[in-house]
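This report describes selected features of a single protein chain and its ligand. The sequence and the structure are shown below, followed by an account arranged by region.

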Amino acid sequence: MVRRHTPSLSFEVFPPNPAVGNDKIFQALREMQDLAPHFISVTASNNKFDIEETTVRLTEFIANELQIPTIAHLPAVYLTKDMVSNILQSLDRVGVHQILALRGDIFPDVAPKDDFTYATDLIEYIKTEAPHFDIIGACYPEGHPDSPNQISDIQNLKKKVDAGCSSLVTQLFFDNERFYDFQDKCILAGIEVPIHAGIMPILNRNQALRLLKTCENIKLPRKFRAILDKYEHDPESLRAAGLAYAVDQIVDLVTQDVAGIHLYTMNNAATAYHIYKATHALFNHNPSVQSF
Ligand code: FAD
């Protein structure tokens, strides 16, 4: 098969609780810098921490001290237009101009603000207020949990992309066939922007249990369940098998011409390094990196 393009390899990190401080995450990011990712995205708290103090500060560090392109996540359901404008100004000030525009999860016990009901509302607002920002959207190969079915979810995704997304990043998934099926449906719906596949290596039992609880919409293939069952009480083997599973997924996706792999690193530079080492030839990356 002729390869049509070189896929990107990017990372996602989350800001620590401000009470903990940034020393550890800055060190992890410096180690990730050696792997020359195409970009690093930084998640944002939906209603818990101050986004300027957390997400904007990390993106500033990545863009200016590490000189790596960065994307600030921005969940808007608990923000007002004024709050979003202030965040946009802060991002402008630190030279970050890429936003992953999100609705954010709605908590049953916290009433949303009135300004942004869907991510599309936020995208339209940014396009009017600050059209120089590049906007990325989130998507769900196995359907968003609030959606009655995948067709309406993809119809809504089409509206979101038409509002001004230049690319999409998926929720994590473990069954590549679900991703390929979703990609095909997006093409049929006229969604033509690049779709970056979100991959999360499972490294320990607690992470797996948390995931099973929060991502009920995600199918766990038999092969993946077998790993969780067999190595439930053997942390070292679980980590090794979790990493091997992620590498296997990535090799298959890249072979089938995925636009990019977005690695959910959980702030763990060693994980990023392991995946990088096993797959970097596929991404045409900096071959001089040998080890930490
Ligand atoms: P939307 O695109 O608004 O979709 C939400 C639901 O509304 C879907 O069911 C959709 O079908 C439906 N919908 C959309 N438009 C319409 C419409 N016009 N009419 C009717 N229905 C509509 N959360 C955080 O808090 N912080 C983060 O940093 C973060 N990062 C993420 C990164 C990625 C890659 C992904 C996949 C998710 C991330 N999330 C994050 C989680 C995200 O906020 C939740 O999944 C949230 O529930 C949906 O956000 P969204 O932007 O996809 O919503």
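This is a predicted model: local features need pLDDT of at least 70, side-chain atom pairs count only at pLDDT 80 or more; totals for chains, interfaces and linings use all residues.

Asn267 belongs to the loop that runs between β8 and α10. Its side chain reaches the backbone oxygen of Phe14 at a distance of 2.8 Å.

When neighbours within four places in sequence are left aside, the residues in contact with Asn267 are Val13, Phe14, Ile25, Ala28 and Met32.

## Helix α10

Helix α10 comprises residues 269-283. At its start, the backbone nitrogen of Ala270 has a side-chain oxygen of Asn268 within 3.0 Å. The end C-alpha atoms of α10 are only 18 Å apart, whereas a straight helix of 15 residues would span 21 Å at 1.5 Å a residue. The helix also contains a kink of about 55°, and this kink is centred on Lys277. After α10 comes Asn284, which has a positive phi near 60°.

The buried residues in α10 are Ala269, Thr271, Ala272, Tyr273, Ile275, Tyr276, Thr279 and Phe283.

## Aromatic pairs

How many aromatic pairs does the model contain, if ring centres must lie within 6.5 Å? The count is eight aromatic pairs. One of them joins Phe179 and Tyr180: the ring centres are 5.9 Å apart and the planes meet at 70°, so the pair is edge-to-face, a class that requires an angle over 60 degrees. Phe179 and Tyr180 are both buried. Ring pairs also connect Phe179 and Tyr180 with Phe173 in a cluster.

A second example is the pair of Phe224 and Tyr245, with ring centres 5.1 Å apart and planes at 70°, so this pair is edge-to-face as well. Because Phe224 lies in helix α8 (residues 222-230) and Tyr245 in helix α9 (residues 235-255), the pair ties together parts that are 21 residues apart in sequence. Both residues of this pair, Phe224 and Tyr245, are buried.

## Surroundings of the ligand

The ligand is surrounded by 25 residues, of which Arg103, Asp105, Tyr140, Asp153 and Lys160 are the closest. For Arg103, a backbone N or O atom lies 2.8 Å from an oxygen atom of the ligand.

Side chains also take part. An N or O atom in the side chain of Lys160 is 2.7 Å from an oxygen atom of the ligand. For the side chain of His144, the distance from an N or O atom to an oxygen atom of the ligand is 2.8 Å.

## Two residues with positive phi

Asn47 is not a glycine, yet its phi is positive, at about 85°. Asn47 sits in the loop between β2 (40-42) and α2 (52-65). With a relative accessible area of 42%, Asn47 is partly exposed.

Gln67 likewise is not a glycine and has a positive phi, of about 60°. The loop that holds Gln67 lies between α2 and β3 (70-75). Gln67 counts as exposed, since its relative accessibility is 62% and the cut-off for that class is over 50%.

Is Gln207, which has a relative accessibility of 6%, buried or exposed? At that value, Gln207 counts as buried. Gln207 lies in helix α7 (residues 205-214). Apart from neighbours within four places in sequence, Gln207 is in contact with Met200, Pro201, Ile202 and Met266.

Gln27 is found in helix α1. Its relative accessible area is 39%, so Gln27 is partly exposed. From Gln27 to Val247 the separation is 220 residues in sequence, and in space it is 24 Å from C-alpha to C-alpha.

Methods: Residues are numbered from 1 along each chain as its sequence is written. Side-chain values use heavy atoms; hydrogens and water are left out. Rings of Phe, Tyr and Trp (its six-membered ring) pair if their centres lie within 6.5 Å; planes under 30 degrees apart count as stacked, over 60 as edge-to-face and the rest as tilted. Buried means under 20% relative accessible area, exposed over 50%, partly exposed in between (1.4 Å probe, protein chains only). Helices (H or I, at least four residues) and strands (E, at least two) are DSSP runs, numbered from the N terminus. The expected span of a helix is 1.5 Å times one less than its number of residues. The bend at a residue is the angle between axes fitted to the seven residues ending there and the seven starting there. A polar contact is a pair of N or O atoms within 3.5 Å; within protein, one must be able to donate a hydrogen and the other to accept it, and residues adjacent in sequence count only if both atoms are side-chain atoms. A residue is near a molecule or strand if one of its heavy atoms lies within 4 Å of it. Contact means heavy atoms within 4.5 Å.
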